[in-house]
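The entries follow the order in which I looked things up.

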Amino acid sequence: MTLAVSAPRNPASAAHDPARDLVDQIYVAGRWERGQGELIQSVDPATGRVFATLHAATTDTVDVAVREGLSAARTSGWSTMLPHERAAVLHRIGNAIDDARERIAALQTLDTGKTLTETRALATSAANTFRYMAAALETMDGALTTPRGPWLTMSTHRPMGVVGAITPWNSPIASDAQKFAPALAAGNAVISKPPVWAPWVTLLLARLCEEAGLPPGVLSVLPGPGRTVGEALVRHPDVAKVSFTGGTSTGRHLAHIAADKLMPITLELGGKSPTIVFEDADIERAIQGVLFGIFSSSGQSCIAGSRVFVQRSIFESFTDKLVERAAQLRLGPGTDPNTAVAPLISAQHRDSVASMVDAAVAAGARVRLGGAPPQDDRLEHGCYYPPTILTDVTNEDAICQEEVFGPVAAIMPFDDEADVITQANDTVYGLACGIWTENYRRALRIGDAINAGTVWVNTYKQFSISTPFTGLRDSGLGVEKGRDAIRHYSDQKSIYLDLTDAPLAWGAPTERARS
Ligand code: NAD
């Protein structure tokens, strides 16, 4: 059987040519087959070269995958398997990801442009996510609840059926793992709709799941346009839940569809996160954290610290240092170990970032660094945009209110705690926040007051799978990660067992239930 992404015989050599094993096939209910939809051209963002083509899924494919997934979860025994048995499969998937780390990293760097350092870390994170969910599943208890009558009362969980996982292009394997692992742990079938701009790593993950013993049909990977394939998945009557990561406007649209179906939907959406630097901060650490917070992943990160508030007394000196250090970040291909800031996902996205910066400058922003695509023969064909630092902006400006999703930091002064809380919270988003101060009482006060699902104090962009992740306001709905992630893909049931032989209510009037 030919598989869509075959496992390399020698992972090290495959790392040199990650496109070598790619085949034009998608994964439909356990079958590798050519998609019936439009042709996707995969472009290396570092060179502009088309390295592979892939036929997308169609809305009919979605229907097949959902129906067969529902049936496969039952007939393969996946949905009724004992938790420790399902956990063993998840554990093997985690180990398989580790074993294929170089292959995954090279492929993801080719498809997204990200640095190899980052794509290796994402692969490791995905492996850990599968193993963590395996451990959580093995140790997850149901509950005997306190009875308020002559019953044994319990709360149990069962699989929901088929779950949809819709993901963006910025961290494919980590986003996939965050959804697949808990949804599979709960005993569901999963239908994944990866992004058109970066579908390959998710197909490779499906291959690894298959080899690790996930029953055929329980997972499908259906790349294709969101407005057709993705939307068909959300609208399908047999899809019991969708977990979506992507832009806020898409998420809002999908929430309407979910509401019509009365279907639960988890939304991990955009952000415009504040990073706050107080005058008492460890300045060197703050510089490092601010740089990493906005320029790692080339700013293509939902949690990017794109609004930097610096206390007025250190505003000029801090900004000077930040500019000086950001100027040293090397722009280059993700495969170069010296690269800090890699290309953006596509020329189209680079142009969108450039036009937002141009508009900010036209509105009065001062460019302290970057501000235009590089004029460098070495980078000529890639989708590069340099680290960009803007000052002379106010928090009301579009550049401070709209998500750029690129390496663009807006630096603004603040006077005191009250001022920075007001400015930081003046946004529709509520994803993350960074606070740099040596005063932990102040850090806790500010952290509590800022509308953000995640607050980092004296660090930024750090994650652990055991800690829940959520976006407030327009940044999302629902929670991912943490032990309870498995519960978010389960239906909860209550069971009452009668413990008496006494007549029931209408047999003889009694006051059985106390309340
Ligand atoms: P996007 O919303 O355009 O697309 C995300 C996914 O949804 C893609 O797979 C896309 O094909 C699909 N999609 C698009 N329209 C759809 C529709 N009508 N029905 C169903 N599916 C549809 O977002 P993007 O540009 O790929 O990703 C960038 C966005 O993702 C940014 O806003 C970023 O902040 C956000 N993001 C959020 C998190 C988080 O955890 N909060 C993480 C990463 C990215």
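H8 gives the largest share, four residues.

I wrote down that the model is predicted, that local features need pLDDT of at least 70 and side-chain atom pairs pLDDT 80 or more, while totals for chains, interfaces and linings use all residues. Residues are numbered from 1 along each chain as its sequence is written, and side-chain values use heavy atoms, with hydrogens and water left out.

Next I looked up the shell itself: 26 residues surround the ligand, the closest being Thr167, Lys193, Thr250, Leu269 and Glu403, and a residue is near if one of its heavy atoms lies within 4 Å. By class, I found 11 nonpolar, 10 polar and five charged residues in this shell, with Gly placed among the polar ones.

For individual atoms, I noted that a backbone N or O atom of Leu269 lies 2.7 Å from a nitrogen atom of the ligand, whereas a side-chain N or O atom of Trp169 is 3.2 Å from a ligand oxygen.

Finally I turned to strands S3 (residues 39-43) and S4 (residues 50-55), which run antiparallel and are joined by five bridges; strands pair if DSSP finds at least two bridges between them. I saw that Gln41 has Thr53 in S4 as its bridge partner.

Methods. Polar contact = N/O pair within 3.5 Å; in protein donor to acceptor, adjacent residues only side chain to side chain. Helix = DSSP H or I, 4+ residues; strand = E, 2+ residues; numbered from the N terminus.
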